[in-house]
Amino acid sequence: MIKRLRYLLFVAVLLSACSTTKYLADGQKLYTGPEIKVIDSTKKADNKAISAELKTLVRPKPNGAPLGLRVKLWLYFKTKARKGFIQKFFSKYGEPPVLISQVDLAKNSTIMQNRLQNESYFQAMVSGDTVSKKKTAKAVFTVLPGPSYTIRDVTFPVATDNSLDTAVRGTMKETLLKKGAKYNLDIIKSERLRIDTRLKEEGFFYFAPEQLIIQVDSTIINHQVDLNVRIKPTTPERAREIYSIRNIYVYPNYSLRDTSLKLDSAKAYRWYNIVDPRKTARPYLFANTVLLHPNDTYSRTVHNNSLNRFINLGPYRYVKNRFEDVTPDSPKLDVYYFLTPYKRKSLQLELLGRTTSANYTGSQINLSWRNRNAFKGGELLTFTLFGSTDVQVGGQNGGFNVFQYGAQTSLSWPRLISPFNFKSANAYIPRTVLTLGYTSTDRQKLYSLNTFSGSFGYQFKTDIHKLHELNLLEISSTKLRRVDSLYIDSINNPNNRNPALKHVIDPQFTWGPSYAYTYDNTTEDYRTNSMYYRGKVSLSNNLYGIISGADTLAGKEKKFLGSTFNQYVKAEAEFRFFHKINSGNKIAARILAGAGLPYGNSTILPYSQQFFIGGPNSLRGFRARSIGPGSVDATALNNGFVADQSGDIKLEANLEYRAKLFSIVYGALFADAGNVWNAKPHQAGGTFGPNFYKQLAVDAGFGLRFDATVLVLRTDLGFPLLTPYINGSGSRSVSPSFRTAIFNLAIGYPF
């Protein structure tokens with residue numbers, strides 16, 4: 001009986017939300033939307049497309065009614081009096097009624113008729129009327145599109161001694177105006193822009209799209225048109241000239257207070273001139289950014305690439321560009337680049353908070369000093385001190401807290417420092433990056449580690465989507481500073497031993513190159529489908545290991561600079577795919593794969609290079625780093641603390657449906673699967689083999705995202721469904737329940 005009353009109450013609320021028309025005044029009718037009736041007996045296949053397009057043009061739009069419920073309108077009527085706090089709070093989500101009296105039938109009919117005429121229906125006619133029903137009304141538009149006109153022929157100017165006519169005709173092969181296609185005014189406008197873009201590459205600096213005219217002859221039989229591309233006779237003479245570059249001036253310390261060009265203080269450097277009396281920048285800084293040269297024909301692509309490089313150079317907040325016509329006997333341009341610098345030095349303090357699914361609550365503080373033009377060559381020098389804590393606040397493993405502190409410095413040059421001369425003219429500055437760092441990790445009651453690291457390499461983009469990162473040298477050395485008896489006992493105790501723990505505190509020394517390639521077009525929101533891919537290959541001591549004859553299994557362990565080195569080949573890849581269903585709904589998928597092959601001087605990857613799985617950005621139904629390797633049950637190895645599980649091989653897949661709920665709140669349904677394995681048999685059940693798919697951990701769940709653009713707060717509740725090992729129920733399956741669920745709180749999307 002109580003359940004029935006609940007259902008009746010729910011239905012009553014829905015009906016109350018539906019019956020919003022009762023609040024309207026006498027004579028008012030709620031507008032429910034347009035109806036488009038297309039009358040066209042010749043091409044009925046086009047009727048549906050015409051109707052759908054014209055419907056989007058009608059203004060105003062009716063009140064929103066998801067699932068037939070005008071909830072926002074109902075909120076408007078219920079809160080417009082604003083008598084209390086609750087009403088004031090919900091009033092901002094309300095929506096005033098859209099009345100049929102607000103619909104201008106004549107204006108909407110004219111707009112639709114113009115659209116049809118612009119899309120080949122020259123004889124189109126549209127009329128509008130209203131149809132009422134009690135307190136509601138709709139607008140009904142009757143459309144007679146008539147026949148559509150197609151393109152019969154397209155002509156361009158004849159190539160003559162006139163350079164502009166010749167240049168316009170030279171663009172004919174790539175024309176957007178195709179014979180047999182429907183006439184379309186938007187395509188004609190795009191064609192003018194296309195021709196203008198091409199002419200800008202050939203030196204026509206002062207030409208504009210408006211100086212092209214495309215004449216339409218619609219007197220052709222069988223509803224066809226001829227298009228004639230012509231240059232307007234009123235086009236000024238300088239728009240017909242091909243311009244080249246004369247002088248180039250760069251102002252590295254420009255401010256709005258500067259009123260003089262100060263050309264008398266310009267200093268020539270190679271092909272450009274520097275106006276910098278205070279000597280704030282070395283002249284060679286701009287050799288990679290000034291892509292135009294004297295006597296070059298003007299090119300808009302080269303011009304834009306230069307501007308983009310100035311902006312990405314680093315030291316400069318604003319970049320202002322000016323071209324000055326200095327034509328004496330032939331068309332010439334002087335080029336000016338005015339650069340306003342950032343403050344050279346800055347200090348930044350960051351305070352971060354975080355929580356993990358392993359019941360760790362943490363905080364981190366970063367103090368960073370930055371010099372944007374360290375040696376007056378655009379170098380970015382940063383020095384960072386950091387400290388962090390991760391404290392376990394609940395569960396049986398409380399007290400094994402993690403503390404880290406350290407320092408990192410990096411120096412980035414806006415050019416490639418190399419004995420080879422690499423040249424590129426795209427819009428992106430190549431960089432050379434040197435980093436050095438030290439980290440101290442103290443896991444209370446267990447061990448402490450010291451890690452020294454460094455790298456030297458290059459970063460460069462070949463286009464807006466593709467990034468290459470080549471490190472000629474990556475070096476890392478980790479050594480044990482302290483180990484407690486509890487950790488040693490966990491390794492050696494014959495009654496409950498976990499020998500894999502020794503790998504964590506073993507000395508680690510890696511040294512070698514790496515290469516990473518990234519493709520990313522996910523920032524382009526207009527795409528229905530977008531993707532992200534990153535692949536990386538790392539090597540450690542390969543040549544030296546081979547030359548020295550290192551072979552640990554044969555008893556030939558070798559050292560470098562007094563330290564036993566690690567030898568391996570490692571490859572990893574990540575692929576993300578996003579499908580936009582509509583503006584508020586999206587499907588996101590990710591696949592991760594990685595494998596490391598230790599050989600020669602190593603039988604297992606160093607711990608710092610191994611793979612981990614589980615946690616807020618991985619398998620969300622399992623605690624961080626708690627899965628694997630293979631079918632190993634980490635919970636059975638009860639050492640009194642949670643040990644991080646790792647492996648040489650990793651496979652992971654994630655699938656997520658993301659939907660906008662309201663305002664900044666988004667919901668998500670997700671499923672995750674994956675595991676890590678050892679490449680060689682170090683632990684029973686932990687080695688990768690043909691039955692690896694039977695050892696995949698699987699989870700599913702749901703979550704909320706609070707997306708404020710600058711910050712995304714994420715909550716996920718993951719339910720384990722399959723464990724890689726036989727669990728307490730005697731099988732791999734887990735019945736979903738809130739008792740076994742894992743709550744994740746994180747910043748940002750998982751991928």
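Close-up 1. At 12% relative accessibility, A374 counts as buried, a label given to residues under 20% relative accessible area, with exposed meaning over 50% and partly exposed anything in between (1.4 Å probe, protein chains only). This is a predicted model, where local features need pLDDT of at least 70 and side-chain atom pairs count only at pLDDT 80 or more, while totals for chains, interfaces and linings use all residues. Residues are numbered from 1 along each chain as its sequence is written, and side-chain values use heavy atoms, with hydrogens and water left out. You'll find A374 in the loop between β13 (360-371) and β14 (380-392); strands here are DSSP runs of E with at least two residues, helices are runs of H or I with at least four, and both are numbered from the N terminus. Setting aside residues up to four places away in sequence, A374 touches R344, E379 and L381, where a contact means heavy atoms within 4.5 Å. For a sense of scale, S548 sits 174 residues from A374 along the chain, and their C-alpha atoms are separated by 41 Å.

**Close-up 2. N727, another buried loop residue.** N727 is in the loop between β28 (712-722) and β29 (742-747). With a relative accessible area of 15%, N727 is buried. Its side chain has a polar atom 2.9 Å from the backbone oxygen of S731. The backbone oxygen of R732 also comes in, at 3.3 Å from a polar atom of the N727 side chain. Polar contacts like these are pairs of N or O atoms within 3.5 Å; within protein, one must be able to donate a hydrogen and the other to accept it, and residues adjacent in sequence count only if both atoms are side-chain atoms. Not counting residues up to four places away in sequence, N727 touches R732, S733 and V734.

**Close-up 3. Helix α5 and what covers it.** Which residues of α5 are buried? They are N108, S109, M112, Q113 and L116. Seen down the axis of α5, these buried residues fall within an arc of 135°, so they line one face of the helix; the arc is that of the directions from the helix axis to the C-beta atoms. An α-helix has 3.6 residues a turn, so residues three or four places apart point the same way. Over on the other side of α5, A106 and K107 are exposed. The cover over the buried residues of α5 includes β1 (30-38), α2 (47-55), β2 (125-133) and β3 (136-144). At the N-terminal end, D104 caps α5, with a side-chain oxygen 3.3 Å from the backbone nitrogen of A106. After α5 comes S120, with a positive phi near 90°.

Close-up 4. β1 and β3 run parallel and share seven bridges; two strands pair if DSSP finds at least two bridges between them. I36 has F141 in β3 as its bridge partner. β2 and β3 pair the antiparallel way, over nine bridges, and S127 is partnered with T142 in β3. β2 and β3 form a hairpin with two residues between them, and K134 in the turn has a positive phi of about 55°.

**Close-up 5. F286 and the nonpolar cores.** The largest nonpolar core has 46 residues, and V168, V229, I248, V250, F286 and Y337 have the most contacts inside it. A core here is a set of buried Ala, Val, Leu, Ile, Met, Phe, Trp, Tyr and Cys residues joined through side-chain atoms within 4.5 Å. Leaving aside neighbours within four places in sequence, F286 is in contact with V250, P252, Y272, I274, A281, F310, L313, Y316 and L339. Apart from this core lies another, of 19 residues, including Y31, I50, L57 and Y121.

**Close-up 6. Helix α8.** The 13 residues of α8 (residues 300-312) should span 18 Å at 1.5 Å a residue, which agrees with the 18 Å between its end C-alpha atoms. H303, N305, S306, L307, R309 and F310 are the buried residues of α8, and they pack against β7 (244-251), β10 (316-325) and β11 (332-341). Just after α8, G314 takes a positive phi of about 125°.

Conventions. The expected span of a helix is 1.5 Å times one less than its number of residues.
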